[in-house]
Amino acid sequence: MEETRTIIIEPKTGWFDIDFHEIKQYKDLIFLFVKRNFVVQYKQTVLGPLWFILNPLLTTIMFTVVFGSIAGMSTDGVPQFAFYLCGTALWQYFATCLNQTSNTFTGNAHIFGKVYFPRITMPIATVIFSLINFAVVFVMSIITNLYYMWKGENIQPNWSILLLPILVLQIALLGLGFGIIISSLTTKYRDLAILVSFGVQLWMYATPVAYAKEQLSEKMRSIIMLNPVSPIICNFRYALLGCGTFETVYWGISAIVTVVVLIIGILLFNHVEKTFMDTV
């Protein structure tokens, strides 16, 4: 005898009507979106997935020339290339998560208007796809560090390397949280979409990616470290290179901000997805 299943579809009216079990049921769809993102991004490109390597490599070389050689900024005694590659790896992961999730509604309205599925699966897929990019750059950073250690350079990985998965998860959740907040707001305020890319560029200079926080004055350092991304990158760099110090207090503040931003983002995203087709 065949089993009969009944599916009841009910409208979601409250801010807290979030079905996490439903999201889990759509895990296969999430990985299909990951595959789609890969195909779309590198379709009809000459170098294809090699951009995984070239993009951060060119950025690191530019930072090394401009900030290291021309500006002569200190890198806490570690090789400049290793210093900039380490910071660039994590920052680009955050920036990619934020930029790509921020256009979830406006960029996929043609899909959302045709079929139902939990809308949050799409930004989750974006974060997972961006993790692949990050993994490639991270491996490059490890190889670079091993090379410099073999040459006897001042690179000293330490115990906090065990915290790397937590740091990567936090930066992903922070990028996801800010991204879905912006995505929710851009359904009504399209101006935000124009400001996102420019804002992320400015945000990078407010984060110790191209410079060491030790170069800043005590007052400026305190301000910079209140940026929730700063302690994550500083601790990531400390774990891999041994430069600087481990920021426990500021990291705790950053973790609280991450949780708050993610909760606000999910609630706002859940609320907007019910009516966004009327405004997009």
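## A cysteine to start with

Is Cys97 buried or exposed? Cys97 is buried, because its relative accessible area is 0% and the cut-off for buried is under 20%. The structure here is a predicted model.

Cys243 is buried as well, with a relative accessible area of 7%. Cys243 takes part in no disulfide. The nearest cysteine sulfur belongs to Cys86 and is 7.2 Å away. A disulfide needs sulfur atoms within 2.5 Å. Across the whole structure, the search finds zero disulfides.

## The nonpolar cores

The largest nonpolar core contains 59 residues. Those with the most contacts inside this core are Leu90, Trp91, Tyr93, Phe94, Val229, Phe236 and Leu241. H3 (51-70), H4 (80-101), H7 (121-150), H8 (164-185), H9 (191-205), H11 (230-241) and H12 (248-272) each supply at least two of its residues. H4 gives the most, with 13 residues.

Now take Leu241. Set aside its neighbours within four places in sequence. Leu241 then contacts Val78, Ala82, Phe83, Cys86, Asn145, Asn154, Ile155 and Gln156. There is also a second, separate core of six residues. Ile30, Phe33, Ala125 and Phe129 are among them.

## Where H7 meets H11

H7 and H11 pack with their axes 11 Å apart. The angle between them is about 40°. The two helices are therefore oblique to each other.

Which residues make the contact? H7 brings Phe134, Phe138, Ser141, Ile142 and Asn145. H11 brings Phe236, Leu240 and Leu241. Two of these names have come up already: Phe236 and Leu241 are listed with the most contacts inside the largest core.

H8 has 22 residues. At 1.5 Å a residue, H8 should span 32 Å. H8 is mostly covered, with 16 of its 22 residues buried.

H12 has 25 residues. From its first C-alpha to its last, H12 reaches 36 Å, close to the 36 Å expected. Its buried residues are Trp251, Ser254, Thr258, Val261, Leu262, Gly265, Leu267, Leu268, Phe269, Asn270 and Val272. What do the buried residues of H12 pack against? They pack against H5 (104-107), H7, H8 and H11.

Technical notes. Residues numbered from 1 in each chain as written. Predicted model: local features only at pLDDT ≥ 70, side-chain atom pairs only at ≥ 80, totals over all residues. Heavy atoms only, no water. Core = buried A, V, L, I, M, F, W, Y, C linked by side-chain atoms within 4.5 Å. Buried < 20%, exposed > 50% of the residue type's maximum accessible area, 1.4 Å probe, protein only. Helix = DSSP H or I, 4+ residues; strand = E, 2+ residues; numbered from the N terminus. Contact = heavy atoms within 4.5 Å. Expected span 1.5 Å × (residues − 1). Axes fitted to C-alpha atoms, helices over the stretch in contact; angles between N-to-C directions. Parallel < 35°, antiparallel > 145°, perpendicular 65-115°, else oblique.
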